[in-house]
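The following exercises concern one protein structure. Please examine the sequence and the model before reading each solution.

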Amino acid sequence: SERDWWLAEHFGFTRKQIVHTDAKYLVTGDVFIDDKPDHIRRWAARHTGAAVLWAQPYNVDAFAAGEFEFIGRVYRTGSWGVVAGLALEAG
């Protein structure tokens with residue numbers, strides 16, 4: 001429910017517009033945002049869009065170590081401005 005509240009507060013989504021799933025890699029889109037490196041890896045392996053690893057202290061090592069084979073399409077940021085720019089590029 002905290003996630004639903006946050007999405008409503010910041011993006012105006014209603015509960016009916018929010019889908020919860022553990023199989024995020026099945027969701028298609030131009031930009032995928034998550035804080036877990038494994039979710040980013042699985043999504044980037046199936047899609048051509050930009051994958052954004054949302055910067056958190058617990059995921060800095062995974063990105064810094066070069067664990068992502070899709071570096072050209074995987075970004076690590078904590079900036080909504082960067083995400084907005086990627087979304088605009090995707091068009």
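**Exercise 1.** In which helix does Ile-40 lie? Determine also whether Ile-40 is buried or exposed.

*Solution.* The structure is a predicted model.
Step 1: Ile-40 belongs to helix H2, which covers residues 37-46.
Step 2: The relative accessible area of Ile-40 is 0%.
Step 3: Buried means under 20% relative accessible area, and therefore Ile-40 is buried.

**Exercise 2.** Identify the residues of the nonpolar surface patch, and classify the accessibility of Phe-11.

*Solution.* 
Step 1: Trp-5, Trp-6, Phe-11, Phe-13, Ile-33 and Trp-80 make a nonpolar surface patch of about 600 Å².
Step 2: Helix H1, residues 2-11, gives the largest share of this patch, namely three residues.
Step 3: Phe-11 is found in helix H1.
Step 4: The relative accessibility of Phe-11 is 42%. Partly exposed residues fall between the 20% limit for buried and the 50% limit for exposed, so Phe-11 counts as partly exposed.

**Exercise 3.** How many cavities of 30 Å³ or more does a search of the whole structure find, and which residues line the largest cavity?

*Solution.* 
Step 1: The search finds one cavity of 30 Å³ or more.
Step 2: The volume of the largest cavity is about 30 Å³.
Step 3: Its lining consists of Asp-22, Lys-24, Tyr-25, His-39, Arg-42 and Trp-43.
Step 4: Sorted by class, this lining has three charged, two nonpolar and one polar residues.

Key:
Residues numbered from 1 in each chain as written. Predicted model: local features only at pLDDT ≥ 70, side-chain atom pairs only at ≥ 80, totals over all residues. Heavy atoms only, no water. 1 Å grid on protein atoms, 1.4 Å probe; cavity = no way out; pocket = protein on both sides within 12 Å on 5 of 7 lines; lining within 4 Å. Points joined across faces, edges and corners; volume = space filled by probe spheres on them. Nonpolar A, V, L, I, M, F, W, Y, C, P; charged D, E, K, R; others polar. Patch = residues over 30% accessible without salt bridge, like charges linked within 9 Å, V, L, I, M, F, W, Y side chains within 5 Å. Areas by Shrake-Rupley, 256 points an atom, 1.4 Å probe, with all protein chains shown as cover. Salt bridge = Lys/Arg side-chain N within 4 Å of Asp/Glu carboxyl O. Helix = DSSP H or I, 4+ residues; strand = E, 2+ residues; numbered from the N terminus. Buried < 20%, exposed > 50% of the residue type's maximum accessible area, 1.4 Å probe, protein only.
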